[in-house]
Amino acid sequence: MVARTLILAVSLVHLAHGVWHLQPDSGDHMEVLWTGKKCRRVRVSTTGMNDLGIPVTGEECQQNCLASPTCEYAIYRFEGCTAFSSCVGETEIEPEGVTYVKVHGDGSTAAATTTAA
């Protein structure tokens with residue numbers, strides 16, 4: 001009898017309100033797109049402001065965006081996190097506000113739209 005080991009790459013993801021779940025590790029991760037700026041024109045991808053949680057930390061904001069199939073950008077400000085599916089241009093916000101972009105496992109991002117006016 002041959003013993004076989006199956007290793008699954010998974011991530012334990014924390015969603016808002018203390019909910020955790022396992023998801024396959026796709027290699028996706030979040031990177032800071034801007035600090036002190038946010039998207040000028042956006043399309044909200046889910047249910048509206050702070051849909052990825054409030055209060056949350058910046059790390060939780062990123063993890064919640066990774067767990068959402070429609071989130072390509074996350075704006076974190078005032079301990080709230082909002083998901084966006086698109087982002088065009090930039091505008092100033094408070095210095096501690098951060099805009100994150102999802103980087104997919106193949107290295108692609110939706111960030112190509114950020115430079116269009």
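Guide: Let's begin with a cut-off: a residue counts as buried when its relative accessible area is under 20%, as exposed when it is over 50%, and as partly exposed in between. One thing to keep in mind is that this is a predicted model.

Visitor: Okay, let me try that out. Why does Cys-65 count as buried?

Guide: Cys-65 has a relative accessibility of 0%. The limit is under 20%, so Cys-65 counts as buried.

Visitor: And what about Cys-71, is that one buried or exposed?

Guide: Its relative accessible area is also given as 0%, so Cys-71 is buried.

Visitor: How do you know that Cys-65 and Cys-71 are joined by a disulfide?

Guide: Look at the two sulfur atoms: they sit 2.0 Å apart. A disulfide needs them within 2.5 Å, so this pair passes.

Visitor: What does the Cys-61 to Cys-81 pair tie together?

Guide: Cys-61 belongs to helix H1, residues 58-67, while Cys-81 belongs to strand E6, so here a helix and a strand are tied, at 20 residues apart in sequence. Both of these cysteines are buried, and Cys-39 and Cys-87 are buried as well.

Visitor: What pattern do the disulfides follow along the chain?

Guide: Count the bonded cysteines along the chain and you get 1-6, 2-5, 3-4.

Visitor: Let's move to charges. What makes Glu-90 and Lys-37 a salt bridge?

Guide: Their closest N and O atoms are 2.7 Å apart. The limit is 4 Å between a side-chain nitrogen of Lys or Arg and a carboxyl oxygen of Asp or Glu, so the pair qualifies. Glu-90 lies in strand E6 and Lys-37 in strand E4, so this pair ties together parts 53 residues apart in sequence.

Visitor: Why is Glu-90 called partly exposed?

Guide: Glu-90 has a relative accessible area of 37%.

Visitor: How many salt bridges does a search of the whole structure find?

Guide: Two. The other joins the side chains of Glu-94 and Arg-77, with 3.0 Å from N to O. Glu-94 sits in the loop between E6 and E7 and Arg-77 in strand E5, so the pair ties together parts 17 residues apart in sequence.

Visitor: What are the labels for Glu-94 and Arg-77?

Guide: Glu-94 has a relative accessibility of 15%, so it counts as buried. Arg-77, at 24%, is over the 20% limit and counts as partly exposed.

Visitor: Which residues have the most contacts inside the largest nonpolar core?

Guide: Leu-52, Cys-61, Ala-74, Cys-81 and Tyr-100, in a core of 13 residues. The elements giving two or more residues to this core are H1, E5, E6 and E7, and H1 gives the most, three. Apart from it lies another core of seven residues, including Cys-39 and Phe-84.

Visitor: How do you know that Gly-105 is in contact with Gly-27?

Guide: Contact calls for heavy atoms within 4.5 Å. The C-alpha atoms of these two glycines are separated by 4.2 Å, so the pair meets that limit, although they are 78 residues apart along the chain. Gly-105 lies in the segment after strand E7, and Ser-26 and Asp-28 are also among its contacts.

Visitor: Finally, what does the protein chain consist of?

Guide: One helix and seven strands, in the order β-β-β-β-α-β-β-β. Buried residues make up 40% of its 117 residues.

Note on methods:
Residues numbered from 1 in each chain as written. Predicted model: local features only at pLDDT ≥ 70, side-chain atom pairs only at ≥ 80, totals over all residues. Heavy atoms only, no water. Helix = DSSP H or I, 4+ residues; strand = E, 2+ residues; numbered from the N terminus. Buried < 20%, exposed > 50% of the residue type's maximum accessible area, 1.4 Å probe, protein only. Core = buried A, V, L, I, M, F, W, Y, C linked by side-chain atoms within 4.5 Å. Lists of a residue's contacts leave out its neighbours within four places in sequence.
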